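Me: I'd like to walk through this protein with you, one question at a time. Could you take a look at it with me?

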Amino acid sequence: MPPLHMAESSGMAWPLLLAVIVIVLSDLTNGGVHGPIEGYNSLDELATTPSGLATIPTAAYTHPKWMEPYFDPSTPRNVTALMGKSAYLSCRVRNLANKTVSWIRHRDIHILTVGSYTYTSDQRFQATHHQDTDDWTLQIKWAQKRDAGMYECQISTQPVRSYFVRLNVVVPTATILGGPDLHVDKGSTINLTCTVKFSPEPPAYIFWYHHEEVINYDSSRGGVSVITEKGDVTTSFLLIQNADLADSGKYSCSPSNADVASVRVHVLNVPTSCGSQLASSPHIYKLCKTPVQFV
């Protein structure tokens, strides 16, 4: 290619400059992503000066629709967390570009986070960006029952785009199986089973009560024992051998981290001719109290 001053002398300056502009424009990309620039797909649309020199259009650049941010529809819309543990709400945003992701609590329309910054005095809330998955995760530390409800993940487009996630917070629950009433024969073994679910960790202890008094496993009555198995679901078994009428009444299971669960035990003084299976029914028990013989 001849030097510019040589091109000028030979009348080649303007065609040469036009060729350079054509080469530069042909390499334009949209924000680093290759694709057409809407409204300017041809060199025929370039303005020209009276001398014939092409100029770049001065109209505003329109962002292509296929590059707009959008939510990954596979992101879970319902999240369940244990009270006292961390809750994690996900929001996966594709093609975010220079937009911002915010988390908003719907209960009080409170902005919790903007980008990676926390905009609340409650430091339990924190947003984390995982670049490998395009995920903006809202962490709620030590989740409480009041934290349950709807949360909004919002993109700062015009108009804004929103994705809603509902948080459910479950609390530890104690339950005695077979309640609210249990019927056992006199002389048999009372076997009560208490389960503790939705606990962030196994209860430190489980107390059993009879008539609102703590059961003493070393009492003179004897034959009373407790077996406890700890895990995701903690189970406590209360065994009372050789049940007597005095063993009837209300029994309660009281874990260290859950509400009390209760059951009422009825010890039945049934003639052996009635049989244990028949005596387990209150209606049959009424019949067995009369001198009726079963064949």
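Reply: Happy to! C194 and C253 form a disulfide (a pair of cysteine sulfur atoms within 2.5 Å), and their sulfur atoms are 2.0 Å apart. This is a predicted model, where local features need pLDDT of at least 70, side-chain atom pairs count only at pLDDT 80 or more, and totals for chains, interfaces and linings use all residues. Residues are numbered from 1 along each chain as its sequence is written, and side-chain values use heavy atoms, with hydrogens and water left out.

Me: How many disulfides does a search of the whole structure find?

Reply: Besides the link of C194 and C253, a disulfide joins C91 to C153, with an S to S distance of 1.9 Å. The search of the whole structure gives a total of 2.

Me: What is the handedness of the link of C91 and C153?

Reply: C91 sits in the loop between β5 (87–89) and β6 (93–94), while C153 is in strand β12 (residues 149–155), 62 residues away. The angle about their S-S bond is -80 degrees, and the link is left-handed.

Me: Where is P180, at the end of the cis peptide bond from G179?

Reply: Most peptide bonds are trans. The bond from G179 to P180 is cis, with omega near 10 degrees. P180 is in the loop between β14 (173–176) and β15 (181–185).

Me: What phi does N95 have?

Reply: Most residues other than glycine have a negative phi. N95 is in the loop between β6 and β7 (101–105), and at 39% relative accessibility N95 counts as partly exposed. N95 is not a glycine, yet its phi is positive, at about 55 degrees.

Me: How many helices and strands does the protein have?

Reply: Buried residues make up 32% of the 295 residues in the protein. As for its elements, the count is 4 helices and 22 strands.

Key
Helix = DSSP H or I, 4+ residues; strand = E, 2+ residues; numbered from the N terminus. Buried < 20%, exposed > 50% of the residue type's maximum accessible area, 1.4 Å probe, protein only.
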